[in-house]
Amino acid sequence: MLVFAASDKGGTGRSVTSANLAYQRALTGDHVAYVDFDFGSPTAAAVFDVPDAMRGTEERGLHSYLEGEVTEPARIDVWRQTEHPRLRARPNQSGRLVLLPGDAGGGEFATAGDALERCVDLLLRLNSEFDLIIVDLSAGRSYAVDMVLAATAHPQMRHVPFRWLVFHRWTRQHVVAAAGLVHKDHGIVKGGVERGHDEEALQGAIRFVRAAVPDPDSPLWAQGSPAQAAWMQSCDEALRRLAAEHRVGDSVVLGVVPLEPILQWREQLITEEDVLSTQIANKETLEALEEIARRLTDDSCWGRP
């Protein structure tokens, strides 16, 4: 199963949330690959606490592979190479967790022709090796988005299942931007149709994830004034109406990640120890990540029996 993580804006929590989803699925025993196609800023290794590739790798990154400079991209075994103390003690029964990093300083580049063929080959090989492949894409309608739309429409990929997660924060600008990335003239759906995708099938393969969502009823905001509480409730209701109007309402939301200090300030994986032992993370956030990770492959959450 391929899962493409997209967003129209930066700062949506796309990379840190999708990395946490990869981690959660590996904990359940799945073999998981995390592919850093955020070509302009390949920093996924920072979330996994892999020190040698914080801003991408110096050798055999995905840029080099797609441009034909190397025959095989670098792979990082997260369990072995992380500096995160709790990840180094790999939990029993966990599956593989492998990061394919981008090149340090790689930047965006055209991704047609031979690069597309190499992308197809890579995704096919990963799909045969791993249970779940999460592909983190550059923000906006980027070369990376265009490339994977073309790759998944390729005849060789016809039988490879894929899904899209579109991340956005819970604000007016982000709701409108996420809707535009999917539904507008140059969005994912029309771009996919231009490359040979069936429109209805592609629509059904897209779900939204709301990140950094404050809960007006949570203890975090309990100390606010009654006026603040009423204002927050009003904003939340207005955002729900706006989301529904733009076709990103609750019926197409796979999950909601609460506003979480760790994810805002540290951008790290959240472990059970962070909730139960050190108590630096909120239980609700971990539960939300676990639930979204489960729903990735739950057909009933994607409108399928």
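This is a predicted model: local features need pLDDT of at least 70, side-chain atom pairs count only at pLDDT 80 or more; totals for chains, interfaces and linings use all residues.
The model contains an open sheet of eight strands, arranged in the order β3-β4-β2-β5-β1-β6-β7-β8 and with mixed pairing. Its edges are formed by β3 (76-77) and β8 (253-258), each of which pairs on one side only. Strands of a sheet pair through backbone hydrogen bonds, in either a parallel or an antiparallel manner. Strand β1, which comprises residues 2-6, runs parallel to strand β5, residues 132-137, and the two are joined by four bridges; here leucine 2 stands opposite isoleucine 133 of β5.

The loop between α3 (62-66) and β3 includes threonine 71. This residue is classed as exposed because its relative accessible area is 74%, where exposed denotes a value over 50%. The C-alpha atom of threonine 71 is separated by 8.6 Å from that of arginine 60, a residue 11 positions away along the chain.

Helix α8 (residues 172-183) lies across β1, β6 (162-169) and β7 (206-213), and runs at about 155° to β6. Helix α14, which spans residues 283-295, lies across β7 and β8 and runs at about 160° to β8. Helix α8 also meets helix α11 (residues 226-245), the axes of the two coming within 10 Å and crossing at roughly 15°. The helices α8 and α11 are therefore roughly parallel, since angles under 35 degrees fall into that class. The crossing of α8 with α11 is right-handed, and at this meeting Arg172, Val175 and Val176 of α8 are in contact with Leu239, Leu242 and Ala243 of α11.

Five aromatic pairs are present in the structure. One of them is formed by tyrosine 23 and tryptophan 79, a tilted pair with 6.3 Å centre to centre and 55° between the planes. This pair links distant parts of the chain, as tyrosine 23 belongs to helix α1 (residues 14-27) and tryptophan 79 to helix α4 (residues 78-81), 56 residues apart. Both tyrosine 23 and tryptophan 79 are buried. Tyrosine 34 and phenylalanine 48 form an edge-to-face pair, with 5.4 Å centre to centre and 75° between the planes. Because tyrosine 34 lies in strand β2 and phenylalanine 48 in the loop between α2 (44-47) and α3, this pair ties together parts that are 14 residues apart in sequence. Tyrosine 34 counts as buried because its relative accessibility is 1%, and phenylalanine 48 is likewise buried, with a relative accessible area of 1%.

How values were computed. Residues are numbered from 1 along each chain as its sequence is written. Side-chain values use heavy atoms; hydrogens and water are left out. Two strands pair if DSSP finds at least two bridges between them. Contact means heavy atoms within 4.5 Å. Axes are lines fitted to C-alpha atoms, for helices over the stretch in contact, and angles run from 0 to 180 degrees between N-to-C directions. Buried means under 20% relative accessible area, exposed over 50%, partly exposed in between (1.4 Å probe, protein chains only). Rings of Phe, Tyr and Trp (its six-membered ring) pair if their centres lie within 6.5 Å; planes under 30 degrees apart count as stacked, over 60 as edge-to-face and the rest as tilted. Angles under 35 degrees count as roughly parallel, over 145 as roughly antiparallel, 65 to 115 as roughly perpendicular and the rest as oblique. A crossing is left-handed if the near helix is turned anticlockwise from the far one by less than a right angle, and right-handed if clockwise.
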